[in-house]
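Welcome, and please open the model in your viewer. We will go from stop to stop, selecting a few residues each time.

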Amino acid sequence: MEETEAKEFDASIGGTEHLPFSANSLRFASSRSVEIAAMTESILRPSKSKLIFQTLPVHMRRRVMSHNCKRLPRRLRRGHLEQLKKSGLPPKQKRPSRKYRRRPANLLEEYNRRQRQHIWLETHIWHAKRFHMTERWEHRLPYAPCDKAFRACYRGSSAHCLLQDISYYTPIQITGTVAKIKEVFAKITSCMCGLSIGAMAYINGTRQGTVHIYGVNTFPFGYVGKVEFIWVPSDSINKTLWLFVHPSQASIIQSVLTDASCLQDDNDYEVANKKRKVDSVTGGIEIKVMQRFNRFRLTGPNSHAILAESLKCISEDLIKNSKWTSLHKPKDLIEKNEYWESISTAKSPAQLPSHMVVGLVVIDPRLRRPRHRTKAKQNTDTEINTDTLLKIPPYLSNSPLWDMRIHESIKKELMTNGQFVKHITKNNLVPGAVDEDDPALQCIPVVLVQRPGSQNSEFKKLGYGSGWDIIIPSGYALPFWLTFIMFGARSGGLRETESLAFEMGECQFPPDSNAGQENENRIESEMRDRYFKLPPSKRVNYNKIAINSPFRCPWNILLSDWSDDKTNEFFVLRNKTMLNDIQDSITQKKHIPNIENASMCLVPVYIKITAKGSLQRHALICLPEESDLVNVKTLFEPHHEDPNEKTRKLKRKEHIKSLKKIKKKTYKLKKKLQQEKKPMYAKKLRKIHRQEPSEYVKTMRELWLSSQIETVRKVGAREVMGYVVQGAFSFTEARSCGVGYIAYNALKHLLDTGINQVLVRNPTSRKYRLANIVIIRNT
Amino acid sequence: MADANTPQKKEDTKKRPKRQPNKNYALKKRVPLKPVDGDNVIYITKKTNFKAQLDKCCDLLTRGEKEIILHGLGAAIQRCCNLALQLEILFSGTCQIEVNTGTVDCVDDLEPLTDELDFNSQVRCSSSIHIRIFRTAMLGANQ
């Protein structure tokens with residue numbers, strides 16, 4: 001072997017082999033046919049140690065794939081069965097029992113029973129198969145997809161399309177004269193926080209608006225929540241207004257609205273009695289909580305392409321085939337169709353007029369569905385005309401959807417999926433081809449609402465978070481949902497709503513509202529439970545790092561620490577001009593202007609860490625000292641003494657002793673019983689299961705984490721200014737960011753020293769890090 | 001930009017005396033219209049790391065793309081030019097550059113700050129540059 005290697009191979013340079021000048025490809029291949037056959041064989045039946053289903057990408061893997069070959073893609077099934085045979089598992093599946101197979105009838109009953117407790121969305125079963133579900137706000141809602149798709153969902157929202165079902169928003173219909181409605185809303189909103197509900201910009205119904213709602217005449221305290229509203233375009237004196245309310249605030253907003261409308265005529269005794277009724281006619285306006293519409297949220301630039309592909313406007317002559325059109329005739333179909341066609345070449349919804357409302361009447365979305373899951377794309381070289389983007393035509397926003405009479409009829413005439421398949425297979429001459437002008441399927445009114453996303457390029461990437469909301473009559477959720485999915489939308493749940501709000505720099509549930517407090521309570525109990533489930537050696541000892549409320553932000557204590565007197569009430573600053581002024585003075589390192597109720601005021605801020613480091617929930621925002629800006633790298637919280645450590649150890653020793661005593665006692669008792677030969681069960685000592693933790697556990701927990709906090713400001717080495725309510729790594733900023741609140745007095749103090757940066761410290765760490773602050777102005 | 005309505009700094013107004021912010025409206029920007037999208041089309045931004053975009057272009061060219069197109073808008077024009085020149089140096093002799101300039105119409109929303117006004121919009125022209133970089137000779141794969 002060694003000799004042959006030393007010599008050359010080719011004859012021309014001294015070797016032994018004479019190579020031919022040409023090679024016949026056919027002969028070349030045929031002489032290797034055995035090898036090729038062996039290779040294809042080994043590809044088809046791999047002898048690798050990896051199983052076939054393990055070679056699939058993560059998002060295609062399914063549970064119990066190894067047992068049930070039907071979970072695999074069809075092309076891999078043969079190889080998989082072959083492998084199963086080799087490993088000796090019985091490849092044949094037992095036929096499920098008749099009882100099992102007949103289950104759907106029972107299933108429906110079971111479903112109805114389960115829905116009594118929590119409200120289900122129409123897409124519930126689709127979601128329940130693919131999502132982790134949670135109970136929130138009396139609904140059973142999808143939390144996060146089972147395939148590990150956190151980043152994929154972010155990418156969806158920034159580059160493709162993220163689809164969420166937000167049908168849980170409660171619609172409230174208000175009818176009355178404009179003046180009356182304005183009068184009511186004047187009591188529960190403030191003109192400081194932006195445009196009012198009756199602003200010229202919104203009253204003709206071409207745009208959706210938002211208002212901040214407070215308690216009756218309590219501004220700036222008693223914040224309730226942010227509400228989206230749409231005016232129904234009409235020429236009559238009595239106008240209709242639709243509010244879309246988040247379910248965590250729905251009941252409060254109802255009562256606030258009825259209160260506000262009742263106060264108009266206090267003398268009317270009877271009306272005041274009716275106050276608490278949900279549907280009420282008071283003071284000339286009517287407030288009704290309506291049945292739910294389906295509302296989907298599409299986020300991301302591709303959402304426009306998906307809508308353009310899946311929604312096709314119905315033509316005028318086909319409209320008579322749907323029964324509901326006799327109840328309410330849709331108007332301006334041709335113009336709307338033209339407009340929709342003209343804007344369908346837009347690359348992103350962020351190019352369209354902001355908050356535009358589009359009412360369309362479209363054909364059944366099942367007719368537009370692609371056969372395979374494909375990504376919707378604009379087939380465009382045609383440039384969109386900028387003139388169409390400038391103005392919203394006045395005819396665009398009216399829609400029969402707001403007329404409640406038609407909904408019964410639409411629901412009744414709905415063709416179920418089974419009927420649809422039967423109909424299509426029967427009537428189609430060419431299999432696969434779908435007749436889009438099928439008269440048997442009714443058309444559906446939908447309303448689209450544009451969301452502009454970020455419009456301030458200094459704060460966030462332009463157009464991030466832009467998309468469409470689509471409002472669909474009830475019953476039609478799944479056909480639309482599946483069509484969007486087939487056009488390449490990625491579905492997300494509540495986790496995505498949270499992360500989207502975080503990336504946009506918004507706070508979903510402000511701490512001065514009821515919903516925010518409920519949310520804080522929920523987070524606290526979850527985190528506390530988790531903390532005390534850990535063994536003591538794995539728990540962070542918060543006493544040693546000077547954190548006294550790691551699971552909750554004590555706003556009241558923080559604010560009273562920063563003012564002279566004790567405060568029980570506080571509010572978040574939402575005054576637009578004030579926020580702008582504060583932002584200006586932060587960038588220019590000026591003194592900030594004075595405001596009323598300064599000692600009870602929190603300022604919402606967005607925090608960006610300057611260098612590396614992560615941010616967590618409930619991180620402290622601290623006041624830097626002059627020297628900190630230079631040597632922040634070596635700035636640590638010093639070690640603190642844990643005063644309770646010895647007591648805890650002592651208690652534990654005692655407890656163990658007492659446990660031993662009890663054990664001994666029971667042992668003796670047992671022995672005695674045995675000697676007396678009494679039957680064991682007569683006096684079996686049963687373990688008592690308590691719901692509540694025992695006294696010992698409670699005191700130990702108190703020693704770990706004291707529930708009585710007097711001060712938060714001067715606990716650590718640096719004074720605490722505020723807290724971060726949501727912190728994580730932000731993909732849009734490529735660094736750790738957080739949404740937090742700072743006490744107004746603390747911010748004033750900071751800017752008086754001429755610094756516009758803050759220190760942040762995670763509740764599990766001793767390290768202080770430097771961060772920049774930006775005022776959140778789109779709360 | 002919500003702060004467009006606030007009085008701007010003195011130096012700012014000196015530089016650009018034309019653009020007077022309207023007290024009644026807040027200027028909100030929309031995404032500019034993009035020409036054709038594709039694998040070999042790169043939009044140069046000011047926020048993205050320069051080195052990252054350069055690497056992306058190098059990657060595309062070495063992978064065998066015949067041409068890549070760089071688009072730059074407004075303040076990113078200079079960056080776009082720098083990038084193209086850097087590429088020319090890196091692929092010395094094997095690439096050529098073709099430059100076109102143009103104007104893009106950007107649409108801005110004018111959001112009213114008082115109740116009595118309706119939404120408005122305006123068209124703002126912004127200069128743009130489109131640079132086509134194409135290979136004239138293919139080097140070995142080691143480039």
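**First stop: a loop residue**

Select Arg61(A), which counts as partly exposed because it has 13 C-beta neighbours inside 10 Å. The scale behind that label puts a residue with 20 or more other C-beta atoms within 10 Å of its own as buried, one with 12 or fewer as exposed, and anything in between as partly exposed, with C-beta atoms placed from the backbone.

Before moving on, a word on the model: it is predicted, local features need pLDDT of at least 70, side-chain atom pairs count only at pLDDT 80 or more, and totals for chains, interfaces and linings use all residues. Residues are numbered from 1 along each chain as its sequence is written, while chains are lettered from A and ligands numbered from 1 in the order in which they are written.

Where does Arg61(A) lie? Look in the loop between helix 3 (33-44) and helix 4 (74-87) of chain A. Helices (H or I, at least four residues) and strands (E, at least two) are DSSP runs, numbered from the N terminus. Leaving aside residues up to four places away in sequence, Arg61(A) touches Phe53(A) and Leu56(A); contact requires C-beta atoms, placed from the backbone, within 7 Å.

**Second stop: a sheet**

Next, select strand 3 (residues 162-165) of chain A. Leu162(A) and Gln164(A) point one way and Leu163(A) and Asp165(A) the other, and all are buried. In a regular strand the side chains alternate between the two faces of the sheet.

Show strand 10 (residues 294-299) of chain A too: it runs antiparallel to strand 3, joined by 4 bridges. Two strands pair if DSSP finds at least two bridges between them. In strand 10, Leu298(A) is the bridge partner of Leu163(A), and Arg297(A) is that of Gln164(A).

Strand 14 (residues 490-491) of chain A pairs with strand 3 in the parallel sense over 2 bridges, and there Ser491(A) is the bridge partner of Leu163(A). Colour the open sheet of 6 strands in the order 11-12-13-10-3-14 (chain A), with mixed pairing. Its edge strands are strand 11 (357-362) and strand 14, each pairing on one side only.

**Last stop: the chain contact**

Finally, show both chains: 26 residues of chain A are in contact with 22 residues of chain B. On the chain A side, helix 10 (200-203), helix 15 (386-390) and helix 22 (576-588) are the elements giving two or more residues.

Note on methods:
Two residues are in contact if their C-beta atoms, placed from the backbone, lie within 7 Å.
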